[in-house]
Each structure stands twice: as C-alpha cells, then as structure tokens.
Amino acid sequence: MDAVFANLALGFQTALTATNVLWVFIGGFLGTIMGMLPGLGPATGVAILIPITYGMNPTTALITMCAVYYGAMFGGSRASIMINTPGDASAIVSCFDGYPMTKNGQAGSALAISAIASFIGGTIGMILLVFLTGPIASYAFKFGPVEMFSLLMFALTATVTLSEGSILKGFIAVAIGFMISTIGIDPQTGINRFTLGVEPLQDGVDFLVVMIGLYAVCEVFKNIKDVNVQHKIDSKTIGKVWVSWADFKKCLIPMLRNSPLGFFIGVLPGMGGTIATFMSYAMEKSLSKTPERFGKGAIEGLAAPEAANNSCSCGAMVPLLTLGIPGSGTTAVMLGALMLLGVRPGPILFAQYPEIAWGVIASLIVGNIALLVINLPLAIPLVQLLRIPQRIMLPLILGMGFMGAYFLNYSAFDFILVTVFALGGYMFSKLGIPIPPLVLALILGSSTEQYFRNAMTIANSDLAIFVEKPISAVLLSMAAISFCYALYKRRKVATE
C-alpha cells in the first residue's frame, strides 16, 4: 500500500508541472470538442490530434493523448442529448433518455448529470486503476516470449469474439492487419514482403499514416453525404446547467454500482464502451422499480451508462499500461503513437520509467477534475459548436489529416497511402468488416511475430512448448473458450 502512494506521489510530481497541466486542459478541451461532433468519436479524435504531440517529450505526449481520449469520453454524450445524434457508438445509449429529457425541457439537467456521472465514473475507475496496475505489472515480469505470444493471441481472439458482429469478418480484419504489419523488408531474413515492387514500401507502412487514413479521412468519406446538414441548437431552451439534489440522489446509487462494471468491461480486450453502456443501461432498467420511465427521460437512465462509459476508459488503460496491449480502438491508436515516440508500455515501463507510467495515471486524476470544470460552466458554449455545418467541418478534418500524415515523414507518398487506407476503411464499413481488430493486429503484428520466433528458438521449433508452459496453456485455453462460446452464442441467436 505504501508503495502505491509513493508511486502516486511520484506521478503527481510529473503530472503537476505547468507544461503538463496546461496540456491536460488543452487536450481535454480539444477531446471534448472531438467527442461531441457526430461521427467522430474518441479514436478518430485521437488520430486527428496526434500531430499536436510531435516534438513533445514522451511523458507530455502521452499525457496529452490521454487528456484527448478522456475529453472525448466526456463530450461524447453532448450530441446525443441535444440533437439525438451520438458522437460515437458508446454514446448511443445516451440518446435513450438524454434526448427525451431535452424534449421535456430538462436539457440543462441532462448536460449536468452527464458531466457529473462522467466525473464519478472516472474517479472510481481511477481508484481501481491505481491499485491494480502495480500488481499486474509485477506479475507480467514472469512472462517470457512463450507467454507473451499466447497473451497476444488471446487478446486478438478476444477482440474478435467478445465484440459484436461476424466472427469471420473479425478474423478477416485481423489477417489484413497482420499483413499490413509485415509490409517491408524482414529485418531477420532481408526478404521483401508485400512491397509489390514499390520502393517506399520497403521501409514498411507508418502506423499513424494507416490510422489517419482509416479513421480521420475515412470519416470524411462516410459523412460526405451529410455535407449540407446543419443542426439547430436553441440555447435559450437549455436552462440552468445544474441538477437538483433530488435528481442527484436518484442517480447516485446507479452511478456507484455501474462504475465498477464499466471498469472491468474496459479491461477486457474488444469489449469497449459500447458494450459497457448497453449492459449498464439494461442492468439499471431491470433493477428499477419504475422501468416504464426508461426511454422517456429517466435521469438515472442517462447517469448510469455515462458513469460506466468513463470508468470503462480507465479500465482500458490497465492492459495498455501494464502489458502493452490495447483494450479498445482508441488505446490502440495511442499505443501506436507511443511506439513512434520510442515508448513501449508494459511492465518494463513501470520498472525503468516509473515517472512516466505513474505520471500518466496521476494526470488522469488531474484531467478528470479539469474536465468537470470544462464541461459544467462551458456546457452551453460547447454545444453551440454543433451548429458548425458539415461543409466547414469536413474540409477541416481532411486538411488536418493530410497535414498530420505529411509532417510525420515529410513524404508525399504518404498522401497516397492515407487515401488508399481511407478508401479501404470506407469499403470495410460498407461490408461490415470491423476496424478495431485490424488496428490491434497491425500494432501487435510485429511483436507477435518476434515473440513467436523467439519462442521457437528457445524450444528448437517444438510447438508443444505453448501447452507445456502453464501460463501459456491457460491463455490459449481462454482464447479457445472465448472462440467456442462466441460460436455457441451466435448459433443460439440464429436459431431463435
């Protein structure tokens, strides 16, 4: 326990420098804006704003990206509440009771309880994060190449099987992600892989170029049909952005019991905020004495999923920081950006650079408070941004995306790659192929390959080593169970 508080004190020394506090506010503010704009969401927001971290030291860059991520989670429900259009998938549930509250003349209460629930969920999530990261990081030191390969295989399998949608399409996305990760000259054999004779591809494909194409520019393609859409916001009807004591008491227990639920869902690869919010809403409705109020403006129906969503974002940081495995699409984007900065999250980060690891955790606590300050008094000015027409917003995103890609390597060839991956992402969305498994496989592809090679070297190419090592055998069994359970669940749904 003393070690936890000592590490946290070290983290606050890092997080509370003037530069880092300033970037927590800037990142949180920009993330809130990105999160509230319909169609963008946290992953796209982080991908677009990654270029602002160019030139920063790794600690400040990671703190800024976390602030953007966390800000996007705070802001995601704004569009759901005001115009019934979620900023991303995890904010869909906020439409169920948030928008009816607006129609009932309670927009101010809805915006307030959304920010308060996000704060409470984030606080509980951070308490769990503080006490769980140390033990998990210490245990991870027992992992060698065999265990790490099995862990990565479990993470990739779980990302496909635990998420919604077709299992086959999920594994297709994983396979494509692996293929992209191997583009270039193999450092061990010197063989060209998937370069198609194109010389610039011999150095491989930069991860951020893929991210900007798949998320930022692709979102422009997907929203181009709405280029003339302009939402109307009447700020006079919002009223005072506050919540009465009676409404707060009504929401307190739902917020407290759904925050741990969201956290533990966030820890699992592939689950994410969407599943956390739907599960918390369903649980709260089933526990309510007046379930008929849900969907008609029940304030606890908005507070519970908001708390679970922000707590889930803290849970997603656990596998990212302790094992170097992203728990969501957004943390996958963050991991790729960190690797470019020379930072590799995992147990070694806690041992060799505790000021970075604990500085980021402490910055999340600072950011949670900063975002409550931003989102309560500035709620009405912020929602005015929803008035910005798409014909202005889309070119801005397009320009920021291409600028970010160019300044990464100062290569005009990256423009071609961004366009190709944006078109690929658009095609995937039409075919229903999920992007997060592709992103995860792309990031973890080279590590998975290297761990497999090291394991084979240790075992003289004997595959039995993966079942002889106890931890490895357990992880592979968990991967097999999650695959079989997903098949069973889908077959059961199909027969019903």
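Trainee: Is Leu 196 buried or exposed?
Mentor: This is a predicted model, in which local features need pLDDT of at least 70 and side-chain atom pairs count only at pLDDT 80 or more, while totals for chains, interfaces and linings use all residues. Residues are numbered from 1 along each chain as its sequence is written, and side-chain values use heavy atoms, with hydrogens and water left out. A residue is called buried under 20% relative accessible area, exposed over 50%, and partly exposed in between, with a 1.4 Å probe and protein chains only. Because the relative accessible area of Leu 196 is 78%, this residue is exposed.

Trainee: In which loop does Leu 196 lie?
Mentor: Helices (H or I, at least four residues) and strands (E, at least two) are DSSP runs, numbered from the N terminus. Phi of Leu 196 is near 55 degrees, a positive value in a residue other than glycine. Leu 196 lies in the loop between β2 and α10.

Trainee: What is the relative accessible area of Phe 194?
Mentor: Phe 194 lies in the loop between β2 (192-193) and α10 (207-223), and its phi is near 55 degrees, a positive value in a residue other than glycine. Phe 194 counts as partly exposed because its relative accessible area is 45%.

Trainee: Which residues make the nonpolar surface patch of about 280 Å²?
Mentor: Patches are made of residues with over 30% relative accessible area and no salt bridge, where like charges are joined within 9 Å and nonpolar side chains (Val, Leu, Ile, Met, Phe, Trp, Tyr) within 5 Å. Accessible areas come from the Shrake-Rupley method with a 1.4 Å probe, and for residues only the protein chains shown count as cover. The patch of about 280 Å² is made by Phe 5, Ile 127 and Phe 131.

Trainee: How many salt bridges does the structure hold?
Mentor: A salt bridge is a side-chain nitrogen of Lys or Arg within 4 Å of a carboxyl oxygen of Asp or Glu. One of them joins the side chains of Asp 247 and Lys 250 (3.7 Å, N to O), two residues that both lie in helix α11 (residues 245-267), three residues apart, about one turn of the helix. Asp 247 is buried, with a relative accessible area of 15%, whereas Lys 250 is partly exposed at 39%. The number of salt bridges in the structure is eight.

Trainee: How many residues apart are Glu 284 and Arg 257?
Mentor: The side chains of Glu 284 and Arg 257 meet in a salt bridge (2.4 Å, N to O). This pair links distant parts of the chain, since Glu 284 is in helix α12 (residues 272-287) and Arg 257 in helix α11, and their separation in residues is 27.

Trainee: What is the relative accessibility of Glu 300?
Mentor: Glu 300 forms a salt bridge with Arg 293, the closest N and O atoms being 2.8 Å apart. Arg 293 is partly exposed, with a relative accessible area of 27%. Glu 300 counts as buried because its relative accessibility is 7%.

Trainee: Which helix gives the largest share of the lining of the largest cavity?
Mentor: On a 1 Å grid over the protein atoms alone, a cavity is a set of points where a 1.4 Å probe fits but cannot get out, a pocket is an open set with protein on both sides within 12 Å along at least five of seven lines, and lining residues have an atom within 4 Å of a point. A search of the whole structure finds one cavity of 30 Å³ or more, and about 50 Å³ of space lies in the largest cavity, a volume being the space filled by probe spheres set on grid points that are joined across faces, edges and corners. Helices α4 (58-75) and α16 (354-375) each supply at least two residues of the lining. The largest share, five residues, comes from α16.

Trainee: Which element gives the most to the lining of the second largest pocket?
Mentor: About 670 Å³ of space lies in the second largest pocket. Of the 31 residues that line this pocket, the closest to its centre are Ser 181, Ile 183, Asp 203, Gly 204 and Val 205. Among the elements that each supply at least two lining residues are α9 (167-181) and β1 (184-185). With six residues, the element that gives the most to the lining is α20.
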